[in-house]
Amino acid sequence: MGDHFEKGQHALLNEGEENEMELFGYRTQGFRKTLCLAGSIFSFGILPLVFYWRPAWHVWANCVPCSLQEADVVLLRTTDEFHTYSWKKVMWIYLSSLNSTFGVTPDHPLITDEEDIINRAIRKPDLKVRCIKVQKIRYVWNNLEGQFQKIGSLEDWLSSAKIHLKFGSGLTREEQEIRRLICGPNTIDVEITPIWKLLIKEVLNPFYIFQLFSVCLWFSEDYKEYAFAIIIMSIMSIALTVYDLREQSVKLHHLVESHNSITVSVCGRRAGVQELESRFLVPGDLLILTGNKVQMPCDAILIDGSCVVDEGMLTGESIPVTKTPLPKMESSMPWKTQSEADYKRHVLFCGTEVIQAKGACSGTVRAVVLQTGFNTAKGDLVRSILYPKPMNFKLYRDAIRFLLCLVGTATIGMIYTLCVYVLSGEPPEEVVKKALDVITIAVPPALPAALTTGIIYAQKRLKKRGIFCISPQRINVCGQLNLVCFDKTGTLTRDGLDLWGAVPCDRSGFQEVHSFVSGRSLPWGPLCAAMASCHSLILLDGTIQGDPLDLKMFEATTWEMAVSGDDFHIKGVPAHAMVVKPCKTASQVPVEGIAILHLFPFSSALQRMTVIVQEMGGDRLAFMKGAPERVASFCQPETVPTSFVSELQIYTTQGFRVIALAYKKLEMDHHTTAFTRDKVESDLIFLGLLILENRLKEETKPVLEELISARIRTVMITGDNLQTAITVARKSGMVSESQQVILIEANEITGSSSASVSWKLVEEKSIAYSNQDNYINIKEEVSDHGREGSYHFALSGKSFQVISQHFSSLLPKILINGTIFARMSPGQKSSLVEEFQKLDVPQMSQFCAELRTTGLEHMGREMNLNGAYPKLVPFRPAGRLISPPLLLSVILNILLSLAMHIVGFILVQRQPWYSMEMHSACTVQNESISKLTISPTAPEKIGSNGAFTSFENTTIWFLGTINCIIVALIFSKGKPFRQPIYKNYMFVLVLVIQLGVCLFILFADIPELYRRLDLLCTPLLWRVYIIIMLSSNFIVSLVVEEAIIENRALWTTFKRCFGYQSKSQYRIWQRAVADDPSWPPLNQTSYSDMPECGRGVSYSNPVFESNEEQL
């Protein structure tokens, strides 16, 4: 329809988000609708079917373009490379139903206040709201801004002060009812799709419509046997697909159903606290959280009290997470950006479980509903399952091209058939049948059944290995995997950490290492108090739970944990506070216990956590724990030992995980809530280092060796120290001993100096200090071997951020050899993966949570009943249907089959017993040729279609039928990607049965069988000749496959001779780096204001393709 639109007809929905769509306004026209209705009747339902396949055509045929404000139908088009169309009817929500209850009028204060999107959406004076529902999300028309906007969540522009002021006391009943009507229910409804709907949707697939047409045509030609076979295959395929979809629908429904009917306590502005079903919640409601083990029915901002939450449903990790209240800051900045810490630490997410809710001064835990329904984090997760991102792999594009080629071939054949039959004077109905027959033969009608069956078998085989896939179509291309990103802790290394020792320090420097291996407890002091109290552990049902690192640290102190009772009275210490006490056997501990008053939780972005504690009968203290370089930056410089860098270097180079501790005394006069994080985390006294041992998993090294030998690149992305990451990379084999590591350091713009990036070679022995965030040994002298040999880049999250912003033209060259990325925040990890994908390296496994050899060995094998080969190989299966080896294999097989058929056709005519006037060349006893009785009877006409039996047809039929079995065997590859073919017992059994049936028909002298199959009986010797021709074709085909098609050395030689080079961005950059003698620029520093270090070209490749161009 072109890209020229009327004013206001076109807009963007969810601009800048992953599900961004274009929106076009249309108005239904009665005349057009009548014409379409007539067309549907006269086309016998073909027109609605076309409209079903092409939604845009439906809108263009029934409607006329108009502005979005006047539209009653909107056409949506995705902004990705697929440009998928869909359409939605514009619906109206009427507020007049509230008139009788609350007397809602156009001049009501709740309606006239246009600060909220909800009020801007209400059209006055008729009090109604225009809305559309797209992928389970409701969008309302903003009358003020003239656009559709998402509803069901609080506005992002709200500041923390505004949230406390506007929603801190709850909503009035009128506000609740208006929001409830406009935002919709707070439910994540995944209805169980009825079987009849699934059946209709599957049957209306273009492939099955084509099958229906083909079957009807075959029945009209009395071609019943094959038609019945296709019907049975199609029914089985449809049944399997419908069963699979129904099962998934039921599972997903049961998964989310339980959270739709939870009773919650809601505080109203005038009504007070009342019990309410969770489906009646609206954004802005004030929740009162009481008790433990509460399921969250929505996303909510914690504004008072603290909570310990199990977010395992969202993250997969069952480690309790501490949530803190949103501070009331006098700032107009949006609440999500007002703090340097992650805003998610204030958010209770839908579907998570509140393990423990602890009130502050008011005694209650309060949270403001942030998002409801499918707008929540859980709802977004469910929507990603219901509406997965479409794919555009080369494999599927090639499959479409292949089908188009078949259609083109069939069209040429149809035209040829029409000409031949018309010129021969055949009846018109026969001409039409034969012409259409060509199409049904050229385009395989059993293709969808074969693809569906293959994917289902692949899913079941992966499920047995504990591998689950929510997007089955991706199984076809998993064999192209060529890069794996690993986390370090719990993935490459063991899940648990062992506390190896502590290095205390005082004014004179670091003291002797205290080893925990011997079982000796740490002597009393600030370091011991920090280990006992600076954590986020909780006591649940008498069991201490929390982060494994915190647990190991606390256990090393041999202290005990308890919750203070109602009779616990210490100034400034709330009742039911967490208290840690020395065990009864401990001696020389001057304090009775330590009460934990307030917690500033750990954040990946901040790389630290802080607690405020109260010694019973002693001082009020603040303890900090975190990354050594971060903790040291908050300490008084004179308290940090001068040997800090070298001491840290000693342990990180051995692969230990190092944590630093610090503390300070606080004033007793102030309440804990009066202390801001910035005030607490300043002028600290450095206490020392904790050394934790994180050993490699036993399977890490063998699996990485197998991946590297298979030329699958491995990358480590971790939040740990850079030197520790380098050491683990070397120990695990990700970086071999002969390979060198180059440290990349990038610095932000500071004052008058521009951003800079430098390259330095990491050396194992000499010690140097480069940057506060990186404590790496730097080798000052660089040999030529360092430039020419194999190398890996290592950089921190901070450096990655600077390079992305100021040196984007260098980023692709860095990623080519970037292997170690440390101190990476979750957001930086996601950005890094996206940058890899832009380099055509999307066939990658992102952040493997568990290192399982079985999973790596069984990914992406071709789909059949045969298992995966137990060893990975250093190349991938062809990722394109039109790659030269596959095309050559098909072409050579066609030529060999054609040659065999031609030889058989010619030879049979030259046999002494051949005659066009006979219908049998053998007797029932199958005597020798010399004794044959030649019957001079006329040719036998079979059926009513005018076809005649002949020796040529008989020979070609046997050659073609048995050759299909041979081709199935030849094309069923075994090693190197799958188990040998003989291990596919079911497949071999089917082939043996089919071959046995064909040989029985060939050698059996049963006249009635031959008559029904339109075959003629031939002499025994000629049947032997047929077997010899088939055997020769099998041997030649096998030799061709093994000696030419599967000969990688031969194809490599061809590539070299013809100068073939991959067009993948990854390969292009790889060649550019290899040909650049000045790369990497060791011991050099580049600045962002230099011409060659500009932002450069933006490289993007949203299409998920293999980085290895297959032959």
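Biologist: What makes β12 and β19 paired strands?

Modeller: Two strands pair if DSSP finds at least two bridges between them, and four bridges join β12 (residues 286–289) to β19 (residues 365–371), so the two count as paired. They run antiparallel, and the bridge partner of L287 in β19 is A367. Strands here are DSSP runs of E with at least two residues, helices are runs of H or I with at least four, and both are numbered from the N terminus. This is a predicted model, in which local features need pLDDT of at least 70, side-chain atom pairs count only at pLDDT 80 or more, and totals for chains, interfaces and linings use all residues. Residues are numbered from 1 along each chain as its sequence is written, and side-chain values use heavy atoms, with hydrogens and water left out.

Biologist: Which strands make up the open sheet, and in what order?

Modeller: The open sheet has six strands in the order β11-β10-β12-β19-β14-β17, with antiparallel pairing. β11 (272–277) and β17 (347–348) stand at the edges because each has a single partner strand, which leaves one side of each without a neighbour in the sheet. Helix α7 (residues 160–167) packs on the sheet and touches β12, β14 (299–304) and β19, where contact means heavy atoms within 4.5 Å.

Biologist: Why is P641 called buried?

Modeller: Buried means under 20% relative accessible area, exposed over 50%, and partly exposed in between (1.4 Å probe, protein chains only). P641 has 8% relative accessibility, so P641 counts as buried. P641 lies in the loop between α20 (628–633) and α21 (644–652).

Biologist: What is P641 in contact with, beyond its neighbours within four places in sequence?

Modeller: With those neighbours left aside, P641 is in contact with C505, G509, F510 and F686. C505 is 136 residues away from P641 along the chain, yet their C-alpha atoms are separated by 7.5 Å.

Biologist: Which residues of helix α26 are buried?

Modeller: In α26 (residues 797–806) they are G797, S799, F800, V802, I803 and H806. These residues pack against several elements, among them β34 (740–747), β37 (791–796) and α28 (826–838).

Biologist: How many of the residues in the whole chain count as buried?

Modeller: Of the 1111 residues, 47% do. The chain has 36 helices and 42 strands.

Terms used: Axes are lines fitted to C-alpha atoms, for helices over the stretch in contact, and angles run from 0 to 180 degrees between N-to-C directions.
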